[in-house]
Amino acid sequence: MTTTEHATAAGSGASATETFRSKARGEGHVDHARVAAVATDALTALHDVIRKHDLTYDEYDALKAWVIRVGEDGEWPLFLDVFVEHVVEEVNSAHRRGATGTIEGPYYVPGAPESTGETTLAMRPDEAGTPFLFQGTVSDLDGNPLADACVDIWHADDAGYYSQFAPGIPEWNLRGRVHTASDGTYRIHTVRPAPYQIPNDGATGALIDAAGWHSWRPAHIHVKVSAPGKELITSQLYFDGGQYVDDDIAQAVKPELMLYPEPATSGEGEQVTYDFALDPA
Ligand code: MBD
Ligand code: FE
């Protein structure tokens, strides 16, 4: 059985929902004034859309049915991270002076296998795809290398599937927490990921089809880079010239996030160097 035959929106959605619940940022004190301000503006924006487009009752019912289905398919994490998160990231990263970040998306799982120094990510013996060496240095804003910084990396396989969100892939495939060596460098051997397609059998795919949009994200490598006393950065790196880099459905590509791979000096596959400067916490 191949992943392709059995990956379903409901399957990846259920995993994404469960993962989100286990890692969600706190549900602390309720600031009533803030809730009222944000909820009022959000609802007013929706009311304005209804007036602008003279929404019919048929369309209102279609909206209700669709919203119900997003929940049934477990696709709220996917839908929100594809269409909303990029603006949340924008307003929360304006203060940064170091490495550029972008959205996290729905497929990060804490607790990947840890290693230090040169590492080959967990992968299947016959893992498909171009061998890819991802390497660089983690430093502070003054360029001082940071030993024992952590590069927590996760990405899709050569068919565009993520472990733990598609069936038949080993649990930590293409995921790892790689700590920098004493000179602040990391060297990660992996394979190039493929572009990611939003599942077309779920509610998010149904909206994309109905609107006539395309359903793709460019190939990307996710990272969370951290070190003691530094602000964690969540980012994604993309491949220069890759399909959909100019037309990401999640609007999460930035020029600073482009990788320019070269043929590997080992003769096998490709390599690229990408450095991260971390802001103080
Ligand atoms: C992904 O792989 C992703 O990174 C985002 C942001 C949304 C959906 C799928
Ligand atoms: Fe992704």
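Analyst: A salt bridge is counted here when a side-chain nitrogen of Lys or Arg lies within 4 Å of a carboxyl oxygen of Asp or Glu. The model is predicted, so local features need pLDDT of at least 70 and side-chain atom pairs count only at pLDDT 80 or more, whereas totals for chains, interfaces and linings use all residues. Residues are numbered from 1 along each chain as its sequence is written, chains are lettered from A and ligands numbered from 1 in the order in which they are written, and side-chain values use heavy atoms, with hydrogens and water left out.

Side chains of opposite charge can pair when their charged atoms come close. A search of the whole structure finds 12 salt bridges, and a few of them can be followed one by one. Arginine 51 pairs with aspartate 48, their closest N and O atoms being 3.5 Å apart. These two residues are separated by about one helical turn, because they are 3 residues apart in helix H3; helices (H or I, at least four residues) and strands (E, at least two) are DSSP runs, numbered from the N terminus. Arginine 51 is exposed at 60% relative accessible area, while aspartate 48 is partly exposed at 43%, where buried means under 20%, exposed over 50% and partly exposed in between (1.4 Å probe, protein chains only).

Another salt bridge joins glutamate 231 to arginine 96, again with 3.5 Å between the closest N and O atoms. This pair links distant parts of the chain, 135 residues apart, since glutamate 231 sits in the loop between strand E9 (220-226) and E10, and arginine 96 in the loop between helix H6 (85-92) and strand E1 (114-116). Glutamate 231 is partly exposed, at 22%. In a further pair, arginine 124 and glutamate 127 have their closest N and O atoms 2.8 Å apart, and glutamate 127 is buried, at 12% relative accessibility. There is also a network of salt bridges that links Lys23, Glu104 and Lys224.

In soluble globular proteins, nonpolar side chains tend to be buried together. A nonpolar core is a set of buried Ala, Val, Leu, Ile, Met, Phe, Trp, Tyr and Cys residues joined through side-chain atoms within 4.5 Å, and the largest one holds 46 residues, of which Phe134, Val138, Val223 and Phe276 touch the most other members. E10 gives the largest share of this core, 4 residues. Leaving out residues up to four places away in sequence, the contacts of valine 223 include Phe134, Trp154, Ile233, Leu237 and Phe276, where contact means heavy atoms within 4.5 Å.

The iron ion (ligand 2) is coordinated by Tyr162 (OH), His220 (NE2) and His222 (NE2), at 1.9 to 2.1 Å, and along the chain its donors follow the spacing Y-x57-H-x1-H. Donors are N, O and S atoms within 2.8 Å of the metal (3.2 Å for Na, K and Ca), and sites may look incomplete because water is not among the atoms. Histidine 220 is buried at 2%, and histidine 222 is also buried, at 3%.
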